[in-house]
4 protein chains.
Amino acid sequence: MTNGIGRLRWAIPEGFLPEGGVVGDRALASHETACILNAGPYEAHVEVTVFFEDREPAGPYRVAVPPRRTLHLRFDELSNPERIPRGTDFSSVLESDVPIVVQHTRLDSRRAEIALLSTIAWGDDG
Amino acid sequence: MTNGIGRLRWAIPEGFLPEGGVVGDRALASHETACILNAGPYEAHVEVTVFFEDREPAGPYRVAVPPRRTLHLRFDELSNPERIPRGTDFSSVLESDVPIVVQHTRLDSRRAEIALLSTIAWGDDG
Amino acid sequence: MTNGIGRLRWAIPEGFLPEGGVVGDRALASHETACILNAGPYEAHVEVTVFFEDREPAGPYRVAVPPRRTLHLRFDELSNPERIPRGTDFSSVLESDVPIVVQHTRLDSRRAEIALLSTIAWGDDG
Amino acid sequence: MTNGIGRLRWAIPEGFLPEGGVVGDRALASHETACILNAGPYEAHVEVTVFFEDREPAGPYRVAVPPRRTLHLRFDELSNPERIPRGTDFSSVLESDVPIVVQHTRLDSRRAEIALLSTIAWGDDG
């Protein structure tokens with residue numbers, strides 16, 4: 001894994017932060033996550049752009065992933081330059097300066113039981 | 001993202017509109033969605049063809065996605081040239097004139113709790 | 001879509017037919033499905049091989065998908081040359097003579113509520 | 001399938017072993033699985049490395065998959081060189097000496113009902 005694994009650019013067309021759900025337990029609260037793996041030897045500087053149906057994109061949000069580390073990035077915790085509204089459809093694109101792999105996961109706890117979805121994002125090299 | 005991201009053609013082999021489910025709450029009603037991201041600078045003109053097990057395909061359904069926007073297209077809301085029947089297996093193909101990325105998601109609320117599935121569709125350039 | 005869409009060979013490493021679940025309603029009974037899209041102009045002849053942890057593979061199972069049709073193939077309904085046992089981990093490979101696209105979906109109804117998973121399978125051209 | 005199917009290296013950015021869930025029934029207990037298909041004629045020697053947010057990676061864990069067999073590897077059963085802690089975000093990379101295909105699945109039974117997620121992992125040839 002000398003040169004890392006993955007691609008420089010990843011797209012996640014699906015995005016939605018449900019309103020409601022379990023309160024007071026971070027692991028069970030409804031959330032939308034971009035799991036980022038940086039398996040290589042250099043820190044990854046990642047810019048996230050969020051797209052909407054009826055307004056200009058938000059961002060870039062900037063996160064760093066140290067070498068040989070993972071970051072499970074929760075969209076509901078992004079706040080700079082602005083929070084992502086709940087109950088609104090969105091998409092996201094992640095651009096990195098070194099190869100990463102991105103997987104999209106949602107936990108929905110609006111009902112008493114949880115529901116899960118996950119998929120590897122769509123990656124290319126920009 | 002000067003030239004957009006993605007592919008020109010996307011296939012979603014799985015498709016099913018459950019009968020029943022939550023009524024009166026659009027976000028929780030059973031639905032099948034093709035989330036389309038157009039990250040590029042030109043409007044995307046997308047044609048959707050729907051395939052069945054025992055009849056000729058339906059469509060094309062035509063949708064447009066403005067530049068730098070997303071569209072979470074619900075199959076149960078397609079009506080022209082015809083509605084997609086509930087309780088019937090189908091597949092779909094989306095063809096665009098500019099690169100897009102497509103993710104398939106279903107929310108099933110036939111039972112008291114919801115169930116979710118999602119995957120990036122299969123993309124090529126036609 | 002003159003020449004079809006997809007690949008000639010698809011792998012689904014995950015496979016499991018749960019024991020139990022809803023009885024008497026085919027749509028809600030636990031099932032494992034390979035959704036096959038044949039968007040092209042020729043009939044697809046597909047051979048399915050099923051792999052296990054501790055015995056020789058089963059199959060080939062043979063199915064045909066007419067041109068411009070989809071087939072949502074349920075693994076619990078395969079019977080020739082043998083049924084796939086419930087409660088046993090398996091994998092599958094689908095090989096076609098024309099391009100197809102394959103998506104794997106499971107509905108699990110062992111508990112009162114259903115759970116869903118789905119992913120596009122892994123495809124190449126053999 | 002003379003030469004096997006798949007890739008030599010697979011990444012799963014998402015990983016999480018829930019605490020709690022169904023006890024005493026292995027099939028319904030919360031688990032995280034890497035389903036590995038070795039469709040080829042040679043035994044696959046697979047090394048698994050596990051990445052965390054705030055410490056050095058764990059591993060390699062070594063598993064073998066016989067020719068023409070599948071292995072549904074449960075992360076909660078890995079113990080050498082160390083167990084993977086519950087309630088902690090992780091990622092994993094699988095490296096094989098022959099082509100394999102990998103699919104990631106989680107069953108979460110923290111609540112009364114189960115939730116499922118699954119995706120084909122991200123593969124390349126190293």
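How many salt bridges are counted between chain D and chain C? The count is 2. I'll come back to that interface. One caution before we go on: this is a predicted model.

Let's start with how the chains relate.

Which pairs do not touch? Chain A and chain C do not, and their nearest C-alpha atoms are 7 Å apart. Chain B and chain D have no contact either, with the closest C-alpha atoms 7 Å apart.

Now the interface of chain D with chain A. Chain D puts in 36 residues, and chain A puts in 31. Between them they bury about 2700 Å², with 61% of that on carbon and sulfur atoms. On the chain D side, look at D:Pro13, D:Arg111 and D:Trp122. These residues lose the most area to chain A, and together they make up 26% of what that side buries.

What about charge? There are 2 salt bridges between chain D and chain A. One of them pairs the side chains of A:Arg69 and D:Glu56, at 3.3 Å from N to O. On the chain D side, the elements giving two or more residues are β1, β3, β6, β7 (115–120) and β8 (122–124). The largest share is 8 residues, and it comes from β6(D).

Back to chain D and chain C. Here chain D gives 32 residues and chain C gives 36. The buried area is about 2700 Å², and carbon and sulfur atoms account for 61% of it. Among the salt bridges is C:Glu56 with D:Arg68, whose closest N and O atoms are 3.6 Å apart. The polar contacts number 13 residue pairs. From chain D, β1, β2, β5, β6 and β7 each supply at least two residues to this side. β7(D) gives the most, with 6 residues.

Next, the inside. In soluble globular proteins, nonpolar side chains tend to be buried together. The largest nonpolar core here has 34 residues. Which members touch the most others? They are D:Trp10, D:Ile84, D:Leu94 and D:Val102. Strands β1 (7–12), β2 (31–38), β3 (44–52), β4 (58–65), β5 (69–74) and β6 (90–108) of chain D each give two or more residues to this core. β6(D) has the largest share, 6 residues.

Stay with D:Trp10 for a moment. Beyond its sequence neighbours within four places, its contacts include D:Leu94, D:Val102, D:Ile120 and D:Trp122. C:Trp122, from another chain, is also in contact with D:Trp10.

Last stop: A:Asn38, in strand β2 of chain A. Is A:Asn38 buried or exposed? Its relative accessibility is 1%, so A:Asn38 counts as buried. Where does its side chain reach? Another is the backbone oxygen of A:Pro66, at 3.1 Å. Leaving out residues up to four places away in sequence, A:Asn38 touches residues including A:Glu43, A:Val65, A:Arg69, A:Val98 and A:Ile100. Recall that A:Arg69 also pairs with D:Glu56 in a salt bridge.

That's the tour. Questions, please.

Note on methods:
Residues are numbered from 1 along each chain as its sequence is written. Chains are lettered from A and ligands numbered from 1 in the order in which they are written. This is a predicted model: local features need pLDDT of at least 70, side-chain atom pairs count only at pLDDT 80 or more; totals for chains, interfaces and linings use all residues. Side-chain values use heavy atoms; hydrogens and water are left out. A nonpolar core is a set of buried Ala, Val, Leu, Ile, Met, Phe, Trp, Tyr and Cys residues joined through side-chain atoms within 4.5 Å. Buried means under 20% relative accessible area, exposed over 50%, partly exposed in between (1.4 Å probe, protein chains only). Helices (H or I, at least four residues) and strands (E, at least two) are DSSP runs, numbered from the N terminus. Contact means heavy atoms within 4.5 Å. A polar contact is a pair of N or O atoms within 3.5 Å; within protein, one must be able to donate a hydrogen and the other to accept it, and residues adjacent in sequence count only if both atoms are side-chain atoms. Buried area is the accessible area (1.4 Å probe) that two parts lose on being put together, summed over both. A salt bridge is a side-chain nitrogen of Lys or Arg within 4 Å of a carboxyl oxygen of Asp or Glu.
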